[in-house]
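Colleague: Before I plan anything around this chain, could you take me through the model and say how it was read?

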Amino acid sequence: MYEEENIEPDFMKRKNVNPFKTPDSYFDSLEDRIMGGIEHRAKTKTTSAKMLQFLKPALGLAASFAMVYLLVYYPINTFLLKPTAQIIPTESAISDTFEAYSMSFSLIDENSLVNTLFGDETNTTAEISQDEVLAYLSSGMNDVEIYSAIQN
């Protein structure tokens, strides 16, 4: 057991000699090669790289706005705020409304219109007491029931 600990590894038995060597005149031309590489990189820098550096912040902003739209506004607008009904006015609906009003105006004679507009009588409705108003409001009738009560 103690013999295994005393055995020296093979790589320790070798001589301490560096097996790597530099080529002849390597360090003589090293400075010229480094400066040539720096000049080459400076020349190859194109305008597209400069343009990319200029547009990078703008593209980042556009991407962030698009992400906010997709993650916040679009889901809220499509899933939470669903419209229940859409009213699209058309020319036929407008013309139908105009025809209905023109027909109701044609049924009024001129004398009753002039008497209504310029007559001395200011209150044409009957006096309604407060009790009648309270009874009407507390009755809880819907529009159809009110219309049928008026017609009878």
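The questions and answers below go from the chain as a whole to a group of aromatic side chains.

Colleague: What is the mean pLDDT of the chain, and which element has the highest mean?

Modeller: This is a predicted model, and 72% of its residues score at least 70. Where pLDDT is low, the predicted coordinates should not be read in detail. Among the elements, helix 1 (residues 2-6) has the lowest mean, at 65. The chain averages a pLDDT of 76, and the element with the highest mean, 86, is helix 4.

Colleague: What share of the residues counts as buried?

Modeller: The accessible surface of the chain comes to about 15,800 Å², and 61% of this surface belongs to carbon and sulfur atoms. A residue must have under 20% relative accessible area to be called buried, and of the 152 residues of the chain the share that counts as buried is 1%.

Colleague: Why is helix 7 said to lie largely in the open, and what follows this helix?

Modeller: Helix 7 covers residues 130-138, and because the number buried among its nine residues is zero, the helix lies largely in the open. The residue that follows helix 7 has a positive phi, near 70°, and is Gly 140.

Colleague: Which nonpolar residues form a patch on the surface, and what is their accessible area together?

Modeller: The patch includes Met 67, Val 68, Leu 70, Ile 76 and Phe 79, and also Tyr 69, Tyr 73 and Tyr 74. One of these, Tyr 73, is found in helix 4, which spans residues 47-80. Together the residues of the patch have an accessible area of about 1,300 Å².

Colleague: Why is the pair of Tyr 69 and Tyr 74 called tilted?

Modeller: The structure holds three aromatic pairs. In the pair of Tyr 69 and Tyr 74, the ring centres are 6.4 Å apart. Planes under 30 degrees apart would count as stacked and planes over 60 as edge-to-face, and because the planes of these two rings stand at 45°, the pair is tilted.

Colleague: Which residues form the aromatic cluster, and are they buried, exposed or partly exposed?

Modeller: The cluster is made of Tyr 69, Tyr 73 and Tyr 74. Relative accessible area is 40% for Tyr 69, 48% for Tyr 73 and 42% for Tyr 74.

Notes: Residues numbered from 1 in each chain as written. Predicted model: local features only at pLDDT ≥ 70, side-chain atom pairs only at ≥ 80, totals over all residues. Heavy atoms only, no water. Patch = residues over 30% accessible without salt bridge, like charges linked within 9 Å, V, L, I, M, F, W, Y side chains within 5 Å. Areas by Shrake-Rupley, 256 points an atom, 1.4 Å probe, with all protein chains shown as cover. Salt bridge = Lys/Arg side-chain N within 4 Å of Asp/Glu carboxyl O. Helix = DSSP H or I, 4+ residues; strand = E, 2+ residues; numbered from the N terminus. Buried < 20%, exposed > 50% of the residue type's maximum accessible area, 1.4 Å probe, protein only. Phe/Tyr/Trp six-rings, centres within 6.5 Å; stacked < 30°, edge-to-face > 60°. pLDDT = per-residue confidence, 0-100.
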